[in-house]
Amino acid sequence: MLNNSKKISFLLMALLLNWSSLFGARSINVERIEPSSWWIGFKEPVVQVMVYGHQIATTRPELKYPGVAIRRVISVDNPNYLFIDLEIDKKAQPGQIQIAFKQSGKVRTTAIFELLERTQGSAERDGFNQSDAIYLIMPDRFANGKPENDMIPGMKEKPNRSEPYGRHGGDLEGIRKNIDFIKDLGFTSIWLNPVQENDQPQASYHGYAITDFYRIDRRLGTNQEFKELVDACRSRGIKMIMDMVFNHCGSEHWWMKDLPTHDWINQFPEFTRSNYRLSTVSDPYASKADFELTTRGWFDTTMPDMNLQNELVLNYLIQNSIWWIEYSGLQGIRMDTYPYPDKDAMAVWVKRIMKEYPKFNIVGESWISNPAKLAYWQKDFPNKDGYNSYLKSLMDFPLAEAMSQAFNEGEGWSSGLMRLYDVLADDHLYRYPMDLVVFAENHDLGRMFHFYNNDVNKMKLAIAFLCTVRGIPQWYYGSEILMDGNGYESHAAIRKDYPGGWPGDAINAFTAEGRTSDQSEVFNYLKKVLNYRKNSDVLQYGKTLHFIPQNEVYVYFRYFDDEAVMILLNNNDEQEREVNTSRFSEILSKYSKGVEVTTGQRISNLSTLKIPAKSALIIELR
Ligand code: CA
């Protein structure tokens, strides 16, 4: 208890402190320390800590902790930042490190940095790979497991489910409640559009304008809830792939109000947009002007372009990704706009991740529809300029584009099924074609059901192809229940709420009763094929042999020495096709019968096969 006179002087002191801060005489403090924790035992023993606080660079940091030493202190243009390189010995013990910030021997302020022990086997974790099938979810639009987190006081955008570009309230808890739904469908991995904080005033739901790299957006959940979701997934055999964005941050990122250095982001006298011409990065004849605009121009007015040529920026981002892998237990990263930032910096990042986690996997979003241009970005491609990205997995945009047209067209020299054949024929360009992620759509493209003109048979053909072609299949939430939308017209159209994900929804498509017969047909077909793929080594890892499409039928095989699956796609809208299989004898002569895997139908004579109009046969050969 304070006596009265003490109370009064305490109040006076508090007032004085307030006034002095009003007039700018703020005391030295630490507002942020990033990362605020790190682990013992990484191959790279140094962590670079960014400290942010008023006039912090006028102090000298010191610490006393066995096995931890300050190796370097870097100050920059802005005195409100300090970068401290901490070296952590393998024998250091977990605990809280107090960093004292001193001026002429006096402690002005302190900060706590936490030293943690790594979980057993953390470095050896498997990344997602060819054995997997990925389910992509836009978290704000899947399921609202916690209506109480829809509105977070102090955050700029409020929930508004009737606004297509607004926040709808979907969250991590909604995903956690539906892990078994995703698992039963046959998926083994989940990729979430970014879950990091996006405290932007508008259209913040999509996640690609990050305002705090170390925090999950609280409308989706807490950091702890994200970790719990990853744990819950792992315990059910589902790998988590986190979306990361290094090219840009959100315009409302906290550091935008007080940048560490002028070159922290790429700045121009007036707003300068990227030309999005990714070819300039690999083109031997590209002008510097075009190239610079591609890589340094801003992705959007709300997305400042970060400068990864600044080593402090690059270190910050490298550590941020390691922090999330280690903290939450990730098994994969999907890197947004992968070819846009400095390509050498990106290669340094990949190498560092793979050094710490040799079996981890990263897929780069390289929105390039031409295989020759795309191959530049894959690990070990013998590029003329000597560039090696070290990145094995890329999004297979050439195949996605072919898929969007193939089932809509009749047969021509280079149309219809020939599009699929031709894209695979370009695989000689890739050192690791089996590591490409294959997809028909994502959160940026039109919905499959839209570009297939609401045709259930085309959907099923696409499913058969996607789940049997080489590569790692990726599916976009909701297409299993025929969610529709023209993504080229409006992004909101392809990012609708999953029916049944919100309390009080009239329809619940998470249950069989909530699905129409068309929806059930596609849902069940996908489930059959994916669950077959899940247990099929040959579909996951087998080689490919294909035959030029004839008479609107494309036949290919996935095989090992003594095992094979034969896939036949009939692209004709009306006619059943009878195929004489003698053309395939180089592989088929080894087998006498088979089973169609989606129907269980036994096939005792392989010499002629009948395929109904606009459908696929997937035959396990015996
Ligand atoms: Ca919610």
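This is a predicted model: local features need pLDDT of at least 70, side-chain atom pairs count only at pLDDT 80 or more; totals for chains, interfaces and linings use all residues.
Let me begin with the largest pocket, which holds about 710 Å³ of space. A pocket here is an open set of points on a 1 Å grid over the protein atoms alone, where a 1.4 Å probe fits, with protein on both sides within 12 Å along at least five of seven lines, and its lining residues have an atom within 4 Å of a point. The volume is the space filled by probe spheres set on the points, which are joined across faces, edges and corners. The lining has 32 residues, and the closest to the pocket centre are F299, M303, D444, H491 and R495. By type, the lining divides into 13 nonpolar, 12 polar and 7 charged residues, where Asp, Glu, Lys and Arg count as charged, Ala, Val, Leu, Ile, Met, Phe, Trp, Tyr, Cys and Pro as nonpolar, and the others, Gly among them, as polar.

Residues are numbered from 1 along each chain as its sequence is written, and side-chain values use heavy atoms, with hydrogens and water left out.

Now to the aromatic rings. Rings of Phe, Tyr and Trp (its six-membered ring) pair if their centres lie within 6.5 Å, and planes under 30 degrees apart count as stacked, over 60 as edge-to-face and the rest as tilted. By this rule there are 52 aromatic pairs. In one of them, the rings of F42 and Y357 have centres 6.4 Å apart and planes at 75°, so this pair is edge-to-face. F42 belongs to the loop between β2 (37–40) and β3 (46–52), and Y357 to the loop between α8 (343–356) and β15 (362–364), so the pair ties together parts that are 315 residues apart in sequence. Helices (H or I, at least four residues) and strands (E, at least two) are DSSP runs, numbered from the N terminus. F42 is buried, at 3% relative accessible area, and Y357 is buried at 0%, where buried means under 20%, exposed over 50% and partly exposed in between (1.4 Å probe, protein chains only).

Which way are the rings of Y135 and F187 arranged? Their centres are 4.9 Å apart and their planes at 45°, so the pair is tilted, and both Y135 and F187 are buried.

Finally, what of disulfides, meaning pairs of cysteine sulfur atoms within 2.5 Å? A search of the whole structure finds 0.

Technical notes. A disulfide is a pair of cysteine sulfur atoms within 2.5 Å.
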